[in-house]
Amino acid sequence: MTQAAHTRKPLSAIPHDRRSYTRARVTDVVRRYGRLGALLGVVLLAALLSPRASDGSMIFFQWGNLTDVLRQVSVIGVIAVGMTFVILTAGIDLSVGSIVALTGCVATLLLTQWQPDIGHAPHAFLAATVAVGVGMVVGAFNGWLVAGLRISPFIATLAAMIGFRGLAKWLTDNATIDVGFGTNAAATFARVVSNKSMVIGAFVLVALLFGALLRYTVFGRYVRAVGDNATAARYSGLPIRSVRCSVYVISGLLAGIGGLLYAAQTNQGDPNAAAGYELDVIAAVVLGGTALTGGRGSIAGTVIGTLIIGTLTNLLGLNNIDSNVQMMLKAAIIVGAVWVQRREAVA
């Protein structure tokens, strides 16, 4: 028996302060690296359960499958970055799926029914810019409802979710708009924006830019302060209304970019598209460690949460798990993540 074993003390003999310190250290490590550990655990699970190709290799780890996972999660990831800002202020945006459908329809309408004599590339660029602008405008509308009229974020964005979806159906006469193939502006848009490198690059760029905005700017500190303690922030003279309105503008902007990516990948503008995306987006943000009560979270965590959702979805798809079961599993994951957050808060 080693000397260390002789000198080991029972738990009851360890001073209370030391046990508290050890518990605090463990909690800190879990908070810092728990999400990354969860992602590695899901990847390990994918390695164990991945189907095999004809040559015996694991399909999950094939380069084409891995890049497909990144492309598929990029739309959710871009929108989740915006949702992170909203949730950090203790808000919620249930309208992101409808904004994706609306901006996708606006872009495809402008691409297929507006024919300016300015060349294909400028035409595609203008259509995309207008569509993203529409996303910002409807995001500002959400911000006005929440910060201006002081309507509960849940109720305001629930109503917006219904209204924006209705607007998309009205604009398209409830029809799907095919972008088509060829050499016109619509085809140019779909070919360029749906490129795998473009989609993944957009997610990376958005995460870096808005991660820096949240971490290194005064506005980012205001966002956390408003979500952490709105009363203290008000007494400190922070512009609470403008901060709350701004985060919904950011959410609308990034949902608009998500709408462009979605429309290009599906090669159409669909007023019924992206239904239920808000569930995936909120799940990604919560899994990334952003507290639904506001004030605590990060863009890096949201990226990890997005990758967890994407990896799980891919794993379930490779094993032919029913899509309804996938939805139930995601709901369970959200509940589990919130429960873990409450445990961490108590600790």
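Asn267 lies in the loop between α11 (240-266) and β2 (268-269), helices (H or I, at least four residues) and strands (E, at least two) being DSSP runs numbered from the N terminus. The model is predicted, so that local features need pLDDT of at least 70 and side-chain atom pairs count only at pLDDT 80 or more, while totals for chains, interfaces and linings use all residues. Residues are numbered from 1 along each chain as its sequence is written, and side-chain values use heavy atoms, with hydrogens and water left out.

Asn267 is not a glycine, yet its phi is positive, at about 60 degrees. The residue counts as buried, with 15% relative accessibility (buried means under 20% relative accessible area, exposed over 50% and partly exposed in between, with a 1.4 Å probe and protein chains only). Arg150, also a residue other than glycine, has a positive phi near 55 degrees. Arg150 is found in the loop between α5 (120-148) and α6 (153-171) and is exposed, its relative accessible area being 64%.

Ser50 is placed in the loop between α2 (16-49) and α3 (63-88). With a relative accessibility of 7%, Ser50 is buried. Its side chain reaches two backbone nitrogens, that of Ile59 at 3.3 Å and that of Phe60 at 3.0 Å. When neighbours within four places in sequence are left aside, Ser50 is in contact (heavy atoms within 4.5 Å) with Met58, Ile59 and Phe60.

Two helix pairs were examined. The axes of α7 (residues 185-193) and α11 come within 8 Å and cross at roughly 105 degrees; axes are lines fitted to C-alpha atoms, for helices over the stretch in contact, and angles run from 0 to 180 degrees between N-to-C directions. α7 is therefore roughly perpendicular to α11, a term for angles of 65 to 115 degrees, whereas those under 35 count as roughly parallel, those over 145 as roughly antiparallel and the rest as oblique. In this pair, Phe189, Ala190 and Val193 of α7 meet Leu260, Leu261 and Ala264 of α11. The contact of α7 with α11 comprises six nonpolar, no polar and no charged residues (Ala, Val, Leu, Ile, Met, Phe, Trp, Tyr, Cys and Pro count as nonpolar, Asp, Glu, Lys and Arg as charged, and the others, Gly among them, as polar).

For α8 (residues 196-216) and α9 (residues 218-228), the axes come within 5 Å and cross at roughly 75 degrees. These two helices are likewise roughly perpendicular to each other. Leu213, Leu214 and Tyr216 in α8 meet α9 residues that include Val218, Phe219 and Arg221. By class, the contact of α8 with α9 has six nonpolar, one polar and two charged residues.

How values were computed: A polar contact is a pair of N or O atoms within 3.5 Å; within protein, one must be able to donate a hydrogen and the other to accept it, and residues adjacent in sequence count only if both atoms are side-chain atoms.
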